[in-house]
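Biologist: I'm new to this one. Could you walk me through how to read it?

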Amino acid sequence: MIDIHFIVNPIAGSGNNIFTTEYLQSYFNAELYIVKIKVSEYKGHPLILAQKSISQRANIIVACGGDGTINEVATKLVGTNIIFGIVPLGSGNGLASNLKIPFSIKNALLKIKIKNVEKIDIGLINSKPFFSNMGIGFDAEVIKDYEKFERRNFYSYLISSIKTLRRFKKNTKKVILLDKGKKLINPFMVFISNTNQMGYGISLTPKALLNDGKLDVVVIPEISKRKIILLGLLMLLKKPHLFKPLEYYQSNSLVVRNLSKKPLDSQIDGEYTKQMNDMLNIEILEQSLSVIV
Ligand SMILES: Nc1ncnc2c1ncn2[C@@H]1O[C@H](COP(=O)(O)OP(=O)(O)OP(=O)(O)O)[C@@H](O)[C@H]1O
């Protein structure tokens, strides 16, 4: 028998995500599969549920949600032989988009049933995993504002982006030192990605591969509001490389030092995180998650 556990975030994306055992057993029949559904009740709960599923010896653990839920569930599976599945229900779905996992629940479940497994790289920030991307600067501030919205969709991202743009430079000075001694004062963004998608078809790192042992790094220095708008348009047109101040490179590790007095605001897989540590060691852990594609 195959033990398959579904960890469902009921509020991901447009919300109201409900799965019943009858529905899932129409794909995973009771003669072959033992199906368990676990519904997360609060932020951080998917992590606890995944840990329980591991101790219950699940063979396959499926995250039903967006990048935040994926992050919490998959964090527990890194370096194990447990197979990880995704039913994308989030607003952005960066990792699922890169893996070409269908957004239709039916087709995502059929993929899981076929069980074509690939090993993918994951990123680490001071040993804490990320799967899609992390960022410091504008994206982190957008996410901080976005988390106040009840509705998690493209419209909320757009409103948060406009609000952030209005007040962006009024914040205290940020000073960051990147590993090669590159000092950045008030950078617009330092963005580090494992995937070639941010969600909604938007990307800053189109060359990223999930199994190349590299993270794709985008550094954008302090820029004017007019240039921020130009960058936004180029991203929507899928041509961010035409934006001249943007520096793009690949690396298997980097160090980010915070030289300002305040902790750095960051986003990790689309969730706001305050970095209390002044030194961030960011690295790649090659082919350490077995995921159904
Ligand atoms: N019942 C719940 N109530 C509130 N928050 C929850 C609940 N269950 C899970 N969460 C948290 O919601 C956060 C966001 O989840 P998720 O990323 O899946 O959705 P999303 O933000 O809509 O998608 P995306 O990241 O792709 O944009 C995660 O940190 C998760 O732990």
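Modeller: Helix H2 (45–55) and helix H3 (67–75) each give at least two residues to the shell around the ligand; helices here are DSSP runs of H or I with at least four residues, numbered from the N terminus. This is a predicted model, where local features need pLDDT of at least 70, side-chain atom pairs count only at pLDDT 80 or more, and totals for chains, interfaces and linings use all residues. Residues are numbered from 1 along each chain as its sequence is written.

Biologist: Which residues come nearest to the ligand?

Modeller: Being near means that a C-beta atom, placed from the backbone, lies within 6 Å of the molecule. Of the 26 residues around the ligand, Gly 65, Gly 66, Gly 68, Thr 69 and Gly 90 come nearest. H3 supplies the largest share of the shell, 4 residues.

Biologist: And how do I describe two packed helices?

Modeller: By the angle between their axes and the distance between the axes. Axes are lines fitted to C-alpha atoms, for helices over the stretch in contact, with angles from 0 to 180 degrees between N-to-C directions. For H2 and H3, the axes come within 7 Å and cross at roughly 35 degrees. Pro 46, Leu 47 and Ala 50 in H2 meet Thr 69, Glu 72, Val 73 and Thr 75 in H3, contact being C-beta atoms, placed from the backbone, within 7 Å.

Biologist: What about H6 and H7?

Modeller: The axes of H6 (residues 138–146) and H7 (residues 154–167) come within 8 Å, crossing at roughly 120 degrees. H6 and H7 are therefore oblique to each other (under 35 degrees is roughly parallel, over 145 roughly antiparallel, 65 to 115 roughly perpendicular, the rest oblique).

Terms used: Contact = placed C-beta atoms within 7 Å.
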